[in-house]
Structures are given as C-alpha cells and as structure tokens.
Amino acid sequence: MFKIIICLLLITTTQASSSPYWGLTTKPSFTSITRATSDIAYSYNIKTDTCATLTSASINQIVAEGKVGIKKGATDKLLPMAINTWNFPDSNAMAWHILNQSRGGVRQTRNAVVEGITKCEQLQCDLAVGYGGTPDEQGETTLDSMVMDGAAMDVGAVAGLRRIKDAIRVARHVLERTEHTLLVGDSATEFAISMGFRSESLVTPKTKIIYKHWKAKNCQPNFWRNVHPDPKTSCGPYEPTATPLTHRKEDRARTEHQIGAQHHDTIGMIAIDVDHQIHAGTSTNGLNHKIHGRVGDSPIAGAGGYADNEVGAAVATGDGDIMMRFLPTLLAVEAMRNGKSPAEAAEVGIRRIRKHYKTFSGAVIAVNRLGQYAAACHGMREFPFVVSNPTQAIHVETVKCLPPEPSVEVVPLTKQT
Ligand SMILES: *[C@@H]1O[C@H](CO)[C@@H](O)[C@H](O)[C@H]1NC(C)=O
C-alpha cells in the first residue's frame, strides 16, 4: 500500500517534455495506472502493488491493444508518421518525403498534410479529389477542403470552392492568414484570387461527358425528394410538392442504389512528427450530381477530420451527407481521450451511424499521439489506407468492414436510466 503513494507521487510530479499520456490498462495479468511522455513513464500495478519505470518501448507496449496495425517489436519506431484514406500512395509518398527529411519532420506536419493532399488534387485521385471530377447538377466541379492544426486547435477550410484547383492550399491560407475557420463559394474564390491563386475552369472533357450522360438519363440519379416533377424519373427544375412529405425510411434509394464506395473517395490525411505535433487534412470534389451548393463532411472539423495534440487525430471518408450528422472524427478523438485504443475509437462513429443508417458506407481512420493507428469501415467489403513511419514507407493496408448490424432498436436516452 505504501508503494502506491510513492508511485503516484512519481507519476504526478515527473516533468513532462511533452504533454503526457495517461492510461488505465486492464489485462488478465495486470491492471496499471500509467503516465507516460514520449520517453519516460511510471506505472503502478494494482495487482502486484509494484511501481515500475518504463522505457518508451514498454510504454508503447502498454498502450498497444493488439488491434493496431503495427508489427511486434516495432512499437518504438512509430513517429514520424503519415497516414491517408484509400489507396492513394503518391500522396502518402509526398507527405513521407517531407516528414523523413530533417529530424523526424519536426514542425513539418502542416507541409506534409497540405502537400500530400495537394498531390492528390493534382493527380485527380479517382476523379474524387481535385478538378475534373464529379460534376454537380449544373455540370460544375466544386471543391471542399480543410486543414486542422492539433497544437493551436486552429482550422482553415473552404467549401463549394469554385474555379480554383488548389483547395487545400487555399484552406491553409484561411488557417494562416485569417481568424476565420471556413470560407465558401464565390467568396472563397475571391479570397483565393487575392492570395495569388489562379482562377480557371475545373471542368474537363471527362466531366462534360459524365454530365451529358446524366442529363440523357433523365438526371438519374439525383438527390431530390418531395418535389415535382418526380425526381425519380424527371430532370428539374423542381418545385416543392403539396402532398405530405415522405420520410427518410421510405427513401432508401440513396444509400442502396445511388452511392457506391467509388463515388466518395475523399482523401483524409494525418501527419505526426517525433514531437507529437499533429495535423489532419481533407480534400474532395464531393458527390457526382450533387445539388449545386451541396457541401459534405470534409471541410467540417469533427466530421471530415479532427486533430488534438493531447490525444491524436482522425479522418473520415464516405457518404458525407450522412456521416457529418454524427461528427465521427470528433467521436474517435474523444474516445481515445477516454482511454480507448485507436481500433475501438475508429469504430465508435461507424457503429453510431450504422444504428440509424443501416446501409451507409464510410470509413474512419484513428491515430493516437504515439502513432498507433487503426481503421474501421461499413458498407463496403474492405477499406484500404496508406501508412508511412520509420519502419515502413508507403505501406498499403486494408481493413475488413463491420458487417451490417442485425436490427437494433434505437433507445432514447431517457428510457435507459
Ligand atoms: C528516411 O530517410 C533516410 C535518409 O534519407 C533513409 O535512409 C530511410 O530509408 C528513410 N526511411 C524510410 C522508412 O523511408
């Protein structure tokens, strides 16, 4: 019993060079309270009443819950790291190139995320990022993007950005040169031009063809409901119907027929340096045939991405209209703050959404501040992502998605006690 007092004294008075990780670990063999920085930790083992000093390797061992995608024995070489959604290796390579230059890419995480994602915008990753993809109902491509600094808790974002190719670089200007968080539409374009960006059409011969085919198919699919003429068979312009509104449950076409995994390949990226400095970023051109003006989850902090140096970060991709109603990346970071592993944290938002939207498709990547990572997904067979850290450069991994949930009743909180 005497030992716990000494241990707790050590635990609470140790000078931390960076913000410490607190952990309560329960395993069959032991329960311990740990306070760790990147290089030192004291751990009190409740079962054996012992106090131990831990090396960084064993700290990582304790935090690792076995579900994280790292090889045994490599847990002390997790930083710096860059991770991104989907099989977009060129973006990861660009971010890794920046992080692996100087000592652990210190203070390079913003460059890594912005330039890594810029690479995807330039390559038009899956035609889902950057110019020349997913024409909206007016045949135009518009861009949504965000970058978040997990030290300053500062965000720069643009939504519905028109006629500018470099969405995340503009978002960076919002972060660095304004006190705002989000600029939209034509006004975001004006801001970008004033910051020296070139205004040019984002339409390409390919988007023109996609748009023409959609028009020829009576504008199917589209995202309207409760309007006439019937949006399931006719193009607009639409007017509101006088008949009673149909509800979401009767309106299954959206998730079941209109949106497949290939239609929402948003890039989300997280970079962490050896000092545990974290940035997260996103970029997308949204959904094919979206209603002009539609903005998805990507530029919204807590929805498309979230970062907090004290804990870690998360990024999301998928059916943004649905996912943004649940702030899954905020949920993931808060779950890790409460001691959940990255694997558990990534699942929290996915499970919450699945309860309400049984066929939604999407994925979340969660990374703790030590560089341990995991992903969870739903509505697809599997979800690929790319990781770089000192033990593995530009490494593609896939995670199997959660199965559809057997019918679960949504119980209002007041009935639970
Ligand atoms: C990082 O850069 C160093 C020096 O250029 C190189 O030797 C090393 O292989 C790189 N690490 C990875 C994982 O790419």
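Hi everyone. The bend at a residue is the angle between two axes, one fitted to the seven residues ending there and the other to the seven starting there. With that in hand, look at helix H11, residues 342–356: a kink of about 25° is centred on Val348. Helices (H or I, at least four residues) and strands (E, at least two) are DSSP runs, numbered from the N terminus.

A word on what we are looking at. This is a predicted model, in which local features need pLDDT of at least 70 and side-chain atom pairs count only at pLDDT 80 or more, while totals for chains, interfaces and linings use all residues. Residues are numbered from 1 along each chain as its sequence is written.

Back to H11. Its buried residues (20 or more other C-beta atoms within 10 Å of their own, with C-beta atoms placed from the backbone) include Glu347, Val348 and Arg354. Among the elements covering the buried part of H11 are helix H10 (328–337) and strand E15 (362–368).

H10 itself is mostly covered, with seven of its ten residues buried. Those include Leu331, Ala332 and Met336, and H11 and E15 are among what covers them. After H10 comes Gly339, with a positive phi near 95°.

Now, which residues does Ala366 touch? Counting contacts as C-beta atoms, placed from the backbone, within 7 Å, and leaving out residues up to four places away in sequence, Ala366 touches Ala332, Met336, Pro342, Ala345 and Ala346, among others. Ala366 is also one of the residues touching the most other members of the largest nonpolar core, which has 92 residues. Such a core is a set of buried Ala, Val, Leu, Ile, Met, Phe, Trp, Tyr and Cys residues joined through C-beta atoms within 7 Å. Helix H5 gives this core its largest share, six residues.

On to the sheet. Eight strands form an open, mixed sheet in the order E8-E7-E6-E12-E11-E5-E17-E18, where pairing takes at least two DSSP bridges. Strands E8 (182–184) and E18 (392–400) are the edges, each with a single partner, so one side of each has no neighbour in the sheet. Inside it, E6 (142–149) and E7 (154–162) run antiparallel, joined by seven bridges, and Met146 has Ala157 as its bridge partner in E7. H5 (167–177) packs on the sheet, touching E6, E7, E8 and E12, and makes about 135° with E7; angles run from 0 to 180 degrees between N-to-C directions of axes fitted to C-alpha atoms, for helices over the stretch in contact. Thanks, everyone!

Definitions and conventions. Contact = placed C-beta atoms within 7 Å. Buried ≥ 20, exposed ≤ 12 C-beta atoms within 10 Å, placed from the backbone.
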